[in-house]
Amino acid sequence: MGQDYKALASAIITGVGGPDNINSVIHCITRLRFYLKDETKVDKTSLEELDGVAGAVYNKQLGQYQVVIGPAVEDVYDEVIRQLGSNYAGGTDETDPEIDDGQAVQPRPKTIIGWIKYAFQLLIGTITGSMIPVIGLLAASGILKGFLTLFTQNLHWINPESSTYIILNAMGDSAFYFLPILVGFCAARQLKSDPIVVATIAGVLVHPSIAAIWATPTKGMPTLMGVPLNANFFGLPIHIPQYAYSIFPIIFAAWMARPVGNWLKKHTPLALRSIFVPLFTVFIVTTTVLVVMGPAISLVSAGLAAAINWLVTLNEAVAGFIIGGFYQCLVIFGLHWMVIPIISNDIASTGHSVLNGLINFTMIAQGAGALAVWAKTKHEDLKGISLAGALSAFAGVTEPAMYGVNLKYGRVFWMANIGGAIGGFLAGLMKIDMFGFTGSLIGFPSFFSPHNPFNIWAFVIAATVTLIISFVCVYFWGFSDADIQKAKAAEKKNVFKDVIE
């Protein structure tokens, strides 16, 4: 049964000055947008204290008073219109990205460290803002993939060779495989690029023929600092990495598509604009991503992968501490993909992977962080997102927890990593090993060792410590509901805005 929003709608109408102060109201994906006769009549304090309202702000550029609701915005809007009358309805605003809310611009830093911190905050704000619309879908897909793993590998209820498995696996994998397209569309809206053009660029990155280049054996190919040059573009040797599941290249593409598209619009005759602007935007931006971004990410990933592998062989406990504390940072930028082949090779050649065993605790830590937010927050929308993210992380997919909650409220991410570092350190001390690919809590059967009965208990001990420490650190020092307001500014900021404009 749906929630009754009559009281909330009535309180919002009163808060913006009553029906006599309202000209019309529209909504976007998270906000009610009021066109008012006099914005000074708004009681901002009472609006923000309402249960169900996450914020309120006047946007001078748009002439709107915006009341932030969240996923329930459409239901609240419908109730507002019922109470005001249909003549107030302006409908849905799908074209106005929520970037600039009219708030004061954050002062520019004065030091190098300040600029680094500022740039990182803007970057994380853009990443999380681009991911928010797809978080629920990713969480659902992650949970489905977790159950599918449980039913096939652990309980053996479904034959992994059957068409039933193929269909269910496609359901669970689709959102992740085509993640660049989903995120590209959302990032373009946030960064004021053309969403359809950016989604098309993302389609190139995950096109089967491009994926086939990455999947082709690279033995004997020329390399650049250990990275195989598996393709060439107009005679220029390049490396095509795995773009499925990645987000950073397409967010870069969404940023770049705006100035490129704007320049082309200014220099293309009106009669040719509808065809040639998207044509050249797709060509220029896609070329830049494939020739520059892909190889750059691959080179950094290869270096990090080699360092991680060296560290694991040098000292497992120290490796566990470092990997447990920082591995998920690689996931943010898609730099973890060069680690996956190392794990795959370990399992294929030896049947086990110490590295995968240590990485496992970073997933548990992020899930525990999201679970702590669920336990502490009083906001129902955030409770739903954080619980779904936690369940997905415990099923081995951390993206919903990371992008929906932990990175958005930055201290959550780092406090959760404390548990991951300590859990990884303990696991390394106990010489943990892993005999499968599926990780996090749902991957516990992968820790039953044919040679070491204590291995499963090492997992239980380290996982329990990770859960407890991550949960406690986040609950007491990593999150409060006051952080929700602070996070809003970061979501609306545009990385490299000064460069674009």
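Here are a few notes on the model above, written for someone new to reading structures.

1. **Ground rules.** This is a predicted model, where local features need pLDDT of at least 70 and side-chain atom pairs count only at pLDDT 80 or more, while totals for chains, interfaces and linings use all residues. Residues are numbered from 1 along each chain as its sequence is written, and side-chain values use heavy atoms, with hydrogens and water left out.

2. **The cores.** Start with the largest nonpolar core, which has 86 residues. (A nonpolar core is a set of buried Ala, Val, Leu, Ile, Met, Phe, Trp, Tyr and Cys residues joined through side-chain atoms within 4.5 Å; buried means under 20% relative accessible area, exposed over 50%, partly exposed in between, with a 1.4 Å probe and protein chains only.) Ile127, Met131, Ile323 and Leu355 have the most contacts inside this core. Helix 10 (residues 248-267) gives the most to it, with 11 residues. Helices (H or I, at least four residues) and strands (E, at least two) are DSSP runs, numbered from the N terminus. There's also a second, separate core of 26 residues, with Val16, Val42, Tyr65 and Ile69 among them. In soluble globular proteins, nonpolar side chains tend to be buried together.

3. **Helix 13.** Which residues of helix 13 are buried? They are Val339, Ile342 and Ile343. These cover an arc of only 95 degrees around the axis, so they sit on the same side of helix 13. (The arc is that of the directions from the helix axis to the C-beta atoms.) The face turned away from that buried side carries the exposed Ala348 and Ser349. Leucine 355 is in contact (heavy atoms within 4.5 Å) with Val339, Ile342 and Ile343, as well as Ile308, Val312 and Ile323, leaving aside its neighbours within four places in sequence.

4. **A buried arginine.** Have a look at arginine 31 in strand 2 (residues 31-36). Arginine 31 is buried, at 4% relative accessible area. Its side chain makes a polar contact with the side chain of glutamine 66 (2.4 Å). A polar contact is a pair of N or O atoms within 3.5 Å; within protein, one must be able to donate a hydrogen and the other to accept it, and residues adjacent in sequence count only if both atoms are side-chain atoms.

5. **A positive phi without glycine.** Phenylalanine 234 isn't a glycine, yet has a positive phi near 55 degrees. You'll find phenylalanine 234 in the loop between strand 8 (231-233) and strand 9 (236-238). Buried or exposed? Phenylalanine 234 counts as exposed because its relative accessibility is 73%.
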